[in-house]
Structure formats: C-alpha cells, structure tokens
Amino acid sequence: MPSGSDFSPSAEFLAQVTRAQRPLYGFISTLVWGHADVEDVLQETNLVLWRKAAEFDASRDFMPWALRIAQLQSMAHLQKHRRHPLLNSDLLDRIADEAIADRATADSRRQALASCLQKIPEKHRRLVAARYEPGASVNAMAAALGKQPKAVSETLRRVRRTLLECIERSLATEATG
Amino acid sequence: MSAMNPPHDEVEELLNGLLDKTLSTADETRLVGMLAASAEARDRYRKWMELHAALHWDYAGAATHVPDSKVRDGLAVSPPLETNGLGEADQRAFIGSLRLARRSLIVSGALAAAGLLTLAIGWSALVQLRLGDTGRAASATSPRVMDAIVEVASLDGAASWSDGHSVLSNLAVGHKLSAGMVSLEGESAFLTLRFDDGTAVTMTGESMLEFAARWHKSVVLRHGTLSIDARPQPAGRPMRIQTPTAEVEVVGTILSVTADSSETQLGVGEGSVRLQRLADGQTVEVPEHHVATASLATGQPMAATRPGQLPSRYRQTFDGTPCFRCRGKWMAADDRLPSRARAVPFVAGRGADGKPIVHYGMTVRDQDHGFVTLHDDSVVAVRFRCATLSRIQLMIGMRGPCGSFAGNFEAQIDSDSAAPEDDPGDGPSNGWRWLEVPARKFIASCKEFPVLTPGHSVGMLLVDTFSSDAALEVAEVVVGRQAAKAVSE
C-alpha cells in the first residue's frame with residue numbers, strides 16, 4: 001500500500017472528508033470552546049486525515065474513525081493551549097463517546113434546524129444572523145442596539161431554546177410519523 | 001429531578017453564557033462540575049453546542065460573501081489557484097478549501113429553509129467541482145472579480161488570503177482584496193493592508209486576521225500582532241478590532257494590538273481607544289501613550305497604564321524557567337553547560353511553489369511594545385555555539401511608540417568569525433562564542449522601513465542559521481549601550 005508523502009488520497013476518500021466537515025465541526029465544538037479554536041482543530045484534523053488516508057480501511061465506516069481523530073486533535077489542542085483545565089480527559093472522553101453514539105440524531109437535528117429557522121419570527125432570525133456573522137459578538141451587538149449585553153444574550157437564549165424545542169418536536173414527529 | 005441533575009434553567013443559563021462568552025471563570029467551573037456529574041446536563045450541553053456550531057457553520061462567511069449582483073467589474077482579479085499536482089500545495093489548497101469554501105446565506109427578510117437547502121446543494125456541487133473527473137482536489141480555476149476594500153501596501157514573508165470562495169496563496173504588494181481572511185507566516189514577516197481611506201493595518205509575525213468593511217471597518221485578530229494607523233472614522237461607525245479576549249473601538253488613532261487565545265495587549269500611540277474585556281464586559285479608556293491588557297482572568301479591574309521608559313540595557317540568560325515569549329527549545333543548565341535555547345525550525349516564508357522555506361532559529365520577545373530602547377551606540381551581543389560552521393543571522397524587529405511596528409533590521413556573520421569565548425580556566429569553553437553587532441551595522445530588511453530610528457525599541461530579536469540546522473544554541477542575549485558582553489551581575 002502506498003504510504004508517505006507520495007501517497008495521494010482517492011477521490012472517494014476526499015469526498016468522505018468533504019462530507020464530514022460539518023459533522024466534524026459540530027463534534028469538535030462540543031470539546032473545544034471558541035469558534036476560532038474549533039476551526040483550528042478542524043484544520044488539524046483534516047491534515048491528519050489526509051496523512052492517514054493510506055491507513056484507512058475503505059470497508060469500515062468513515063465517520064467514527066474521523067471523529068476519533070478529531071477527538072485526539074481536540075485533546076492535543078486543549079493540552080497545547082492549556083484550555084479550560086477543569087475539562088479533564090475523563091470528562092472529555094465521556095462527552096466525545098456520547099457525541100459519537102448520538103451521531104445519527106445529531107445529523108437529524110442539523111437537518112431539522114433549517115425548517116425551524118423558518119418558523120421563528122423574522123426579528124429573531126435577524127438577531128441570529130447578526131450573532132453568527134464573522135467577528136460578531138454579543139457586546140458589539142449590544143452596543144449597536146443600545147442595549148446591555150446581558151439583555152441581548154437573554155434574547156438569544158430564548159431564541160436558541162425555541163429552536164431546540166422546535167428541533168425536538170420535529171424529530172419526535174418524524175419518529176411517530 | 002434527581003439530586004444528581006442540576007436545575008434545568010441554571011444549566012441553560014450557563015450554556016447560553018458559554019456560547020455568548022459571558023461566563024466568569026467561576027461559572028465555567030460550575031458548568032464543568034455539572035457536566036461531570038450529570039448525563040442530562042451533558043446531553044443538553046451537546047445539543048446547545050451543536051446548535052451553536054450549526055449556526056456558526058452556516059453563517060460564517062456571510063459577511064464576506066459577495067453576491068454576484070454586487071460585483072463591480074475590473075476592481076481586482078485573483079489569480080487561479082495552483083493546480084500543480086498532488087503535492088503539499090494540493091494538500092494545503094484542499095485543506096484550505098475545506099476550511100473556507102463553505103458558503104452561507106445572508107439573513108435579510110426571510111432566512112428560508114430553501115436557503116439552507118441551497119447551501120447543501122451548493123456544497124455538494126462544490127465537492128463535485130473540486131473532485132472533478134480525476135479525483136484531484138483541484139481548486140477553482142477561473143479568476144474571480146471581487147469588491148476590493150484593501151490593498152496590500154507592503155509585505156515581507158509569506159501571506160495568503162481567502163474569502164471563503166477564492167484563495168490567493170501568494171499575496172504580493174499591489175494585490176487588492178475583498179473582505180476575507182489573511183494569514184501571515186514567518187517569525188519576522190510583516191504585511192500592511194491599506195483601506196480606501198488610508199487606514200493602515202500592519203500584521204507582524206505569525207498572525208491571522210479577518211477583515212471586512214460593511215457598516216464599519218472590522219478586523220478580527222485570531223492571533224498575532226497588529227499595528228493600526230487609523231484615519232478618522234465616520235461618525236457612529238468606529239473601526240472595530242476583535243480578539244479572542246477583547247474588543248477595541250477605534251475612531252482615529254495609532255495603536256498596536258497583540259493577541260493570543262488568552263490575552264490581548266493594547267498600546268495606544270495617538271488618540272484614545274476603548275478596550276473591552278470580553279470575559280466580563282468591563283471596559284477601559286486607554287489614552288495616548290498608555291497600554292492596557294485584557295485576559296480571561298477577571299479578578300483585577302481593567303486599567304490603562306503609562307509604560308515606563310524602557311531600559312537601555314537588556315539581558316536574557318534563560319536561567320530559571322523558560323522565557324515565556326521566547327521561541328526555541330529551552331534547555332536547563334547542568335554541570336557543564338549554562339541554561340540555553342536551542343534553535344528550532346520555523347517557517348520563514350514560502351517559495352513560488354508554495355512549499356515552506358524553513359529556517360532554524362530562536363527568538364527573544366518580552367513585552368510586545370518593546371523590551372529595550374535602541375540608541376546610536378547600542379550593541380547587540382549573543383553568546384552562542386553551533387555544531388557546524390554556519391552563517392548566522394541576527395534580526396531585530398523594531399517598535400515605535402507604544403508598540404507600533406517600525407521595521408525589521410538584520411545583520412549576518414559567519415559563526416567562525418565571532419570571537420571564541422575565553423577558556424574559563426576550569427575546563428573547556430564548550431565552543432561558546434560571542435557575536436557582537438553595533439546597532440548602526442544593522443541594515444533594513446524592507447524598503448518600507450529604511451531607517452533604524454534611535455529611541456525606538458526592540459520588540460523581537462531573532463537568531464537563526466537559515467535553512468541548515470547547525471544545532472545553534474544561544475545562552476545569552478545582551479542589548480546595551482556599552483561593550484555588551486555580559487558582566488557578572
């Protein structure tokens with residue numbers, strides 16, 4: 001089997017990596033706090049996936065393998081940056097294990113989010129858009145709106161809860177439908 | 001609810017605070033405790049974090065997306081990506097495309113599910129396009145016209161840009177860029193972006209920033225160092241600089257910002273700046289010639305201080321603990337050898353083929369606005385040794401008032417022409433030599449900063465052996481106005 005720097009991943013493998021980006025990002029977000037850090041870990045994970053392409057057994061499920069690599073990269077990142085030291089490895093492992101076990105539901109939840117976003121009031125959609133645009137922060141939003149950051153965050157909390165409840169309802173309907 | 005399960009609303013409140021970065025350290029500790037103790041808390045945590053991630057994923061890039069209807073012709077054209085085979089360049093291009101190529105939707109009026117479906121379809125199409133018939137991770141090959149908002153005014157080192165659609169991996173002076181992300185590589189690298197109104201943003205060292213100019217100019221410094229010379233901004237639309245730990249509003253001023261994941265240092269050369277600590281929202285006005293720091297720790301009130309006059313002498317012997325901001329492999333003293341820093345590989349730039357140019361060196365940094373004042377008669381001295389004869393490069397990164405970037409200056413010498421250290425009498429000198437370079441012997445590394453200005457300070461000192469690993473070790477660095485060789489102190 002080819003290995004080392006002269007090995008070129010197959011188109012199928014690259015497609016798997018590409019399709020995995022969104023779930024990997026979501027998974028890493030449960031282990032590493034902060035958008036920029038999640039992006040960094042995702043980048044590192046992609047590099048490792050590329051380098052380990054030759055080791056991947058195509059007969060196996062790609063995602064669990066990729067998620068484990070992301071888990072290791074997350075741990076390495078946290079150790080390197082000494083992030084939230086209280087989030088010990090046992091807890092991280094537990095969160096990772098549970099996230100991997102819940103993988104299929106997580107995908108369904110992401111799909112349900114699209115329709116749930118459509119169901120919330122437009123002003124809340126705008127708020128969500130403002131919060132999640134690059135470089136946005138609650139503090140900047142509060143300054144722009146002339147409100148206290150806490151008030152903006154509280155509104156966001158209600159919107160997030162509404163979205164999560166909507167997602168749960170969608171999944172429950174699917175399950176019974 | 002069982003005793004193990006924390007109150008529902010408390011978990012939600014903490015999770016929401018985590019997403020909005022409003023949690024105190026104590027809150028974080030409380031949350032972690034809840035997660036460790038309760039499966040239900042972990043389940044809720046996972047769902048909240050995944051929702052947050054999904055929204056980030058779908059909205060990231062929205063601000064930098066340029067709808068076709070808004071494209072102005074002829075402003076700038078980014079060259080096609082390299083498609084020179086499946087080597088490291090391909091790997092970088094592919095990885096970069098994965099990271100940045102996701103498209104998103106701008107929420108205005110109706111954010112529709114159809115939009116998200118479009119996103120998914122677009123993504124699939126992108127994958128197909130990128131994989132092509134050959135299976136190669138080829139990138140887009142057609143030039144892209146875009147709304148330029150900054151121009152690369154100066155550059156030394158390797159820099160790349162992406163707007164999430166196109167990637168320009170070898171930036172050059174004169175390139176005009178639309179909103180996006182710029183990544184700068186190299187210990188001594190710098191890059192200046194100039195906005196239409198003349199506001200200049202200079203990145204130094206290994207830095208990464210995103211920039212946009214919609215309602216106001218905004219810069220997100222992921223890590224690294226920025227110097228900003230801002231022209232007066234429109235009323236009510238200050239320029240905003242965000243880092244992982246702080247936010248800065250700029251109306252019109254000269255300032256420097258250094259940030260990593262846990263701390264932001266701000267120095268103000270002219271004007272006044274408001275610095276906000278994101279951990280607790282506390283703000284401080286930082287007046288001219290003052291500095292302030294925002295970190296994740298919220299125990300101390302924020303304060304702006306006027307930095308004292310920097311000393312004219314600096315000595316680093318790597319004793320005790322590793323120098324916090326130095327780069328190199330720290331090695332503790334033993335019976336025969338002093339504490340020292342060994343050169344490590346670092347990316348000094350990139351070749352035309354995109355491959356990294358690796359040098360071996362060590363870097364001394366201290367306070368980011370500078371750690372020693374340089375005078376006409378200053379001398380930089382380095383106690384070092386090499387395993388093999390090598391060309392040694394000394395580079396100093398200069399800082400103007402309150403940390404603004406003031407250029408890199410370099411000197412080179414063959415290692416064997418440096419003076420061997422005297423035999424201490426009680427054993428061999430172990431190959432140590434002293435390299436001494438007067439400040440006036442340093443020459444400018446770039447034409448944008450041609451003159452080494454006396455009175456400016458040194459913010460970075462790099463010692464390297466270029467591309468050969470000569471096992472360079474540095475045991476002492478001294479900058480002083482007199483014979484700089486160390487004296488017993």
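In strand β8 of chain B, V219(B) is the bridge partner of F211(B). Both residues belong to a predicted model, in which local features need pLDDT of at least 70, side-chain atom pairs count only at pLDDT 80 or more, and totals for chains, interfaces and linings use all residues. Residues are numbered from 1 along each chain as its sequence is written, while chains are lettered from A and ligands numbered from 1 in the order in which they are written.

Strand β8(B) covers residues 217-229. Strands (E, at least two residues) and helices (H or I, at least four) are DSSP runs, numbered from the N terminus. Two strands pair if DSSP finds at least two bridges between them. Strand β7 (residues 200-213) of chain B runs antiparallel to β8(B), and 11 bridges join them. Strand β11 (residues 254-259) of chain B is also antiparallel to β8(B), with six bridges. There, T225(B) stands opposite T258(B). Strand β9 (residues 239-242) of chain B runs parallel to β8(B) over three bridges. In that pairing, S218(B) has R240(B) as its bridge partner.

A residue is buried if 20 or more other C-beta atoms lie within 10 Å of its own, exposed if 12 or fewer, and partly exposed in between; C-beta atoms are placed from the backbone. Strand β8(B) is largely enclosed by the rest of the structure, because 11 of its 13 residues are buried.

Strand β20 (residues 356-365) of chain B is mostly covered too, with seven of its 10 residues buried. Strand β19 (residues 344-350) of chain B pairs with β20(B) in the antiparallel sense, over six bridges. R350(B) has P356(B) as its bridge partner in β20(B). Strand β28 (residues 457-464) of chain B is likewise antiparallel to β20(B), over five bridges. M460(B) in β28(B) is the bridge partner of R365(B).

The nonpolar cores come next. Such a core is a set of buried Ala, Val, Leu, Ile, Met, Phe, Trp, Tyr and Cys residues joined through C-beta atoms within 7 Å. The largest has 94 residues, and L191(B) and L266(B) have the most contacts inside it. Strand β6 (residues 180-195) of chain B gives the most to this core, with seven residues. Another core, of 45 residues, lies apart from it; F27(A), L31(A), V32(A) and M49(B) are among its members.

Two residues are in contact if their C-beta atoms, placed from the backbone, lie within 7 Å. Not counting residues up to four places away in sequence, L191(B) touches several residues, including V152(B), L155(B), V182(B), L184(B) and M203(B).

A loop residue can be examined in the same terms. A418(B) sits in the loop between β24 (405-414) and β25 (419-420) of chain B. A418(B) counts as buried because 21 other C-beta atoms lie within 10 Å. Leaving out residues up to four places away in sequence, A418(B) touches I413(B), R433(B), W434(B) and L435(B). F384(B) is 34 residues from A418(B) along the chain, and their C-alpha atoms are separated by 9.3 Å.

Chain B as a whole has five helices and 29 strands. Of its 489 residues, 48% are buried. Chain A has eight helices and zero strands. In chain A, 39% of the 177 residues count as buried. Contacts between residues at least 6 apart in sequence were also sorted by separation. In chain A, 73% of them join residues at least 24 apart; in chain B, residues 24 or more positions apart account for 60%.

Helix α3 (residues 62-81) of chain A has 20 residues. The expected span of a helix is 1.5 Å times one less than its number of residues. For α3(A) this gives 28 Å, which agrees with the 28 Å between its end C-alpha atoms. Buried residues of α3(A) include A66(A), L67(A), A70(A) and Q71(A).

Chain A has a mean pLDDT of 83, and 89% of its residues reach 70 or more. Over residues 1-6 of chain A the pLDDT is below 50. Chain B averages 75, and 74% of its residues score at least 70. Among the elements of chain B, strand β22 (residues 379-385) has the highest mean pLDDT (95) and strand β1 (residues 77-78) the lowest (26). In chain B, pLDDT stays under 50 over residues 60-87 and over residues 96-146. Where pLDDT is low, the predicted coordinates should not be read in detail. For the complex, the predictor gives an ipTM of 0.92 and a pTM of 0.53.

Conventions: pLDDT = per-residue confidence, 0-100.
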